[in-house]
Amino acid sequence: MNRRPAFPVRLDAKPAPAGSRPAAAAAAPAPDGVGLDSQAVRARMVQRLAAQGIRDQRVLAAVGAVQRHRFVDTALANQAYEDTSLPIGLGQTISKPSVVARMVELLLGPATGGKLGRVLEIGTGCGYQAAVLSLVAAEVYSVERLRQLHDKARDNLRPFRLPNVHLLFGDGMAGYARGAPYAGIIAAAGGEAVPQAWCDQLAVGGRIVAPTQMAGGQQALVVIEKTARGLQQSVLEAVHFVPLKSGIA
Ligand code: SAH
């Protein structure tokens, strides 16, 4: 069987032919000397995520397909499939896989099957989550306020050739009006409140998933849904994200 992937990417998402090495993994670029069969390691990570309660098959397939080790320094590549956040430079971190999976699952919402429409990501960082999002959404607009990380993400993503990922350098607090309205907005940095611009740029039926500071100073994951009758907010579990900052640098 030679099923074509539904998107023009070089992620090793194809099912392995019985009794052989995964064809797509073999075709994928060599794993940067990390000395691991990254396809097999990712498959185990996906099993752990499923055991932890991630149910959405679209999310499990996406995190199973994206080579996370290609987004971190070579020295950290052997930790890429552990459930841990990792430094990506300039004091920023890539979220742990379970948090990425949880947030993307929340972003997709209860409707199963199909892809989300346009998505806005605040905080491109190394570009890992943008790659995951590119597999579950039609278009991904991702904004980063640090020039060096914006450039790094561009370099990291280039070999994957994801034509539906659009990297933007700027202050994501203002959203990105030109791509609006969005079916989903996901923040990788936590602010004191969800900026009004994000709510304005959200489509009716869409959702925002954002770490947000609570009254006690603790961060929690906040989900805002835009319905025909207005915005509905739910506060979920505690999280620890880098701060959402204004301006560019
Ligand atoms: N999703 C990223 C995680 C990056 S960490 C990944 O997969 O690697 C969060 C990022 O948000 C940092 O790079 C930080 O610089 C960025 N950030 C913080 N405030 C921002 C803002 N107002 N606009 C855009 N990016 C912001």
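## The largest cavity

The largest share, three residues, comes from S2. Helices (H or I, at least four residues) and strands (E, at least two) are DSSP runs, numbered from the N terminus.

The volume of the largest cavity is about 380 Å³. A cavity is a set of points on a 1 Å grid over the protein atoms alone where a 1.4 Å probe fits but cannot get out, and lining residues have an atom within 4 Å of a point.

## Basis of the model

This is a predicted model, in which local features need pLDDT of at least 70 and side-chain atom pairs count only at pLDDT 80 or more, while totals for chains, interfaces and linings use all residues. Residues are numbered from 1 along each chain as its sequence is written, and side-chain values use heavy atoms, without hydrogens and water.

## Glutamate 121

Glutamate 121 belongs to strand S3 (residues 116–122). Its side chain makes a polar contact (N or O atoms within 3.5 Å, one able to donate a hydrogen and the other to accept it) with the side chain of glutamine 129, at 2.8 Å.

## Glutamine 148

Glutamine 148 lies in helix H6 (residues 147–157). It counts as exposed (over 50% relative accessible area, 1.4 Å probe, protein chains only) because its relative accessibility is 57%. From glutamine 148 to alanine 249 the C-alpha distance is 8.6 Å, and the two are 101 residues apart in sequence.

Notes
On a 1 Å grid over the protein atoms alone, a cavity is a set of points where a 1.4 Å probe fits but cannot get out, and a pocket is an open set with protein on both sides within 12 Å along at least five of seven lines; lining residues have an atom within 4 Å of a point. Grid points are joined across faces, edges and corners, and a volume is the space filled by probe spheres set on the points. Buried means under 20% relative accessible area, exposed over 50%, partly exposed in between (1.4 Å probe, protein chains only).
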